[in-house]
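Here is a short tour to read alongside the coordinates. Keep your viewer open and follow along, one region at a time.

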Amino acid sequence: MYHGIINIYKEKGYTSHDVVAKLRGILHQKKIGHTGTLDPDAEGVLPVCLGTATKLCEMLTEKEKVYEAVLLLGKETDTQDISGTVLSEFPVTVSEETVEEAVQSFLGEYWQVPPMYSALKINGKKLYELAREGKTVERQARKVTLYEIAVLDMQLPRVWLRVRCSKGTYIRTLCSDIGEKLGCKGCMERLTRTRVSEFSIEDALPLDRVEQLEADGKLNTHILAVDQILKAYPAVTVQKEFCKLLYNGNSFALEDEKLEYSEQNLIRVYDWKGKFTALYSYCAGICYPVKMFLE
């Protein structure tokens, strides 16, 4: 069984769930999880966790992401992207300078209302299921952060954007919001995710490439070890006589004045053989288990 994170290039037409299902068939293992959905029409970076690394799925989902998108002004759809039903169309008479100003106005924090066509749940039911039934329900706006937003090209009515943003940001909703601000509506015509944390599109593997590497016995070289994704946290090694406590997930005392702790006070813990075993939190000289990674 593989343990670690593999950087998958999700192609158009696949859901994130499809990618996981296909990988289970290629790798012949069930313990696989993705780190955040991409719409079927979107493509790009999708880190996938294998084996014990599935315990990191939530942590990776929270990482910042980078997207490149094409905003089509003058068209409003029910899904906020080009695949949806057109609700209205408007002439695009705004200048490039006005578009640039509108785009930059979203830099920083802003309150975004999640789209109806999304996997968010309200009262136990996914929003897109309600949308397909022709229902619209009130959604609470959520604060998201755009760390960077840049206009890469502009040939109105199309605008090419690059966005570096926080978790939970819907780029198609951003496109719709920009169009709304300009008064001519807008929808997302294309979306590519180019980065999730340190996983970049240049290193992403399409599924057919994964299948070939697996057949050739070379896939391991493309799988990032579990502890490498946590390398920002300091590491400690537990002496042999105390490893039983570690293997059982017990807390233990630690006194090391030279160790510089991270802001979250998380540490990587290795056993006496140098094998990564767990992620612990540190408080007042005591280490408490957060996630165990025993195979």
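This is a predicted model: local features need pLDDT of at least 70, side-chain atom pairs count only at pLDDT 80 or more; totals for chains, interfaces and linings use all residues.

## A hairpin and its neighbour

Strands E10 and E11 make a hairpin, with two residues between them. Their pairing is antiparallel and runs over eight bridges.

E10 also pairs with strand E7 (residues 108-112), again in the antiparallel sense, here over five bridges. If you want a place to look, tryptophan 111 has lysine 143 of E10 as its bridge partner.

## The nonpolar core

Which residues have the most contacts inside the largest nonpolar core? They are Val99, Leu146, Val163, Ile171, Leu174, Ile178 and Leu182, in a core of 28 residues. At least two residues each come from strand E4 (65-73), helix H3 (96-104), strand E10 (142-155), strand E11 (158-165), helix H5 (171-182) and strand E12 (186-196). As a general background, nonpolar side chains in soluble globular proteins tend to be buried together.

Beyond its neighbours within four places in sequence, valine 163 is in contact with Lys65, Val66, Tyr67, Leu146, Glu148, Ile149, Ile171 and Leu174.

## Cysteines without disulfides

How many disulfides does a search of the whole structure find? The count is zero. For cysteine 165, the closest cysteine sulfur belongs to cysteine 175 and lies 11 Å away, so the two are too far apart for a bond. Cysteine 175 is in no disulfide either: its nearest cysteine sulfur, in cysteine 187, is 7.9 Å away, whereas a disulfide needs the sulfur atoms within 2.5 Å.

Are these two cysteines buried or exposed? Cysteine 165 is buried, at a relative accessible area of 0%, and cysteine 175 also counts as buried, with 0% relative accessibility.

## Two sides of helix H6

Helix H6 spans residues 207-216, and its residues Leu207, Val210 and Leu213 are buried. These three lie on the same side of H6, because they cover an arc of only 120 degrees around the axis. Asp208 and Ala215, on the other side of H6, are exposed.

What do the buried residues of H6 pack against? Their partners are strand E1 (4-10) and helix H1 (16-27). Just after H6 comes glycine 217, with a positive phi of about 70 degrees.

How values were computed:
Residues are numbered from 1 along each chain as its sequence is written. Side-chain values use heavy atoms; hydrogens and water are left out. A nonpolar core is a set of buried Ala, Val, Leu, Ile, Met, Phe, Trp, Tyr and Cys residues joined through side-chain atoms within 4.5 Å. Buried means under 20% relative accessible area, exposed over 50%, partly exposed in between (1.4 Å probe, protein chains only). Helices (H or I, at least four residues) and strands (E, at least two) are DSSP runs, numbered from the N terminus. Contact means heavy atoms within 4.5 Å. The arc is that of the directions from the helix axis to the C-beta atoms. Two strands pair if DSSP finds at least two bridges between them.
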